[in-house]
Amino acid sequence: MLRLAIAAALCVSLTAVAAEQVILDENVDEVIAWASSGEGTPENSADAFKGSESLYIGATGGDAQNYNGAVADWAWAIVESPSAATEFRYITFAWKKDGGTSIMLQLSGDPDGWSHRYHSGVNVKGWNPSLEAQPNIPVDWEVETKDLFADWGAFTLVGMAFSAGDGVGAYYDDIRLGQTEVFADVEAKGKLTTTWASLRADAR
Ligand SMILES: [Ca+2]
């Protein structure tokens, strides 16, 4: 019985891991290379939520962002019931700000272009539609997990914008697409997660 319970729990866990697509984590230089539009000043930062690097968007003026509305080879299908390897429903991301009032993540899609946005704090540029994740900016790393299909309906995700909003830099890390709302645990700094420990505790 105990063995069955562990096997069943592990099976669920492995399924969740298999159904994820990493957009941003330890590939910051690649992301900076494709997010080549915009007037932000991107850097590979050692201030990471996960692993050893995050994407920092310096924002000294202009549109205060870096983006690409049509990343090469991107055609992630956002659907109600994902099954194929390129189909997803959920997104998770970690972000924070050094101060200021605004942070935003924009998703470019077909149809509707950039009209899929999330922000915390003030939507200082007035870019809409945008859904508020939190009323205040994340002063430390915060993780947001969103149901893209529920929020925006079906679309094909083809691009992304990292938008610091005001004159203060913003950090992004651990952006993943998932087929379920349960993402694989992250061993973030100071937040060692416990998939196996939880399994063992449940089985006792
Ligand atoms: Ca990282």
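A residue counts as buried here if 20 or more other C-beta atoms lie within 10 Å of its own, as exposed if 12 or fewer do, and as partly exposed in between. Keep that cut-off at hand for this tour of a predicted model.

**Stop 1: Ile-137**

Select Ile-137. It sits in the loop between S10 and strand S11 (142-147). Is Ile-137 buried or exposed? Ile-137 has 23 C-beta neighbours inside 10 Å, so it counts as buried. Then pick Met-104. It is 33 residues from Ile-137 along the chain, and their C-alpha atoms are separated by 9.7 Å.

**Stop 2: the whole chain**

Zoom out and colour by secondary structure. The protein chain has four helices and 13 strands. Of its 204 residues, 37% are buried. Take the contacts between residues at least 6 apart in sequence: 72% of them join residues at least 24 apart.

**Stop 3: the largest nonpolar core**

Next, select Leu-55, Ile-57, Phe-93, Trp-95, Phe-162, Ala-170 and Tyr-172. These have the most contacts inside the largest nonpolar core, which has 40 residues. Which elements each supply at least two residues of this core? Helix H2 (28-34) does. The strands that do are S1 (20-24), S3 (54-58), S5 (76-78), S7 (90-97), S8 (102-110), S12 (155-163) and S13 (170-178).

Stay on Ile-57. Leave aside its neighbours within four places in sequence. Ile-57 is then in contact with Gly-40, Pro-42, Gln-65 and Asn-66, and also with Phe-162, Ala-164, Gly-169 and Ala-170. Phe-162 and Ala-170 were in your core selection too.

**Stop 4: Asn-44**

Move to strand S2 (residues 41-45), where Asn-44 lies. Asn-44 is partly exposed, because 16 other C-beta atoms lie within 10 Å of its own. Asn-44 and Asp-29 are 15 residues apart in sequence, yet 6.5 Å apart in space, C-alpha to C-alpha. Asn-44 touches Asp-29, along with Val-28, Ile-32 and Glu-53, when residues up to four places away are not counted.

**Stop 5: two cis peptide bonds**

Go to the loop between S8 and strand S9 (117-121), and find Pro-111. A cis peptide bond joins Asp-110 and Pro-111, with omega of about 5°.

For the second, select Pro-129. This proline lies in the loop between S9 and strand S10 (131-134). Its cis peptide bond is with Asn-128, and omega is about 0°.

**Stop 6**

Return to the loop between S8 and S9, and select Asp-112. Asp-112 has 13 C-beta neighbours inside 10 Å, so it counts as partly exposed.

Finish at Asp-73, in the loop between strand S4 (65-68) and S5. Asp-73 is not a glycine, but its phi is positive as well, at about 75°. Is Asp-73 buried or exposed? Asp-73 is exposed, because 6 other C-beta atoms lie within 10 Å of its own.

Definitions and conventions:
Residues numbered from 1 in each chain as written. Predicted model: local features only at pLDDT ≥ 70, side-chain atom pairs only at ≥ 80, totals over all residues. Contact = placed C-beta atoms within 7 Å. Core = buried A, V, L, I, M, F, W, Y, C linked by C-beta atoms within 7 Å.
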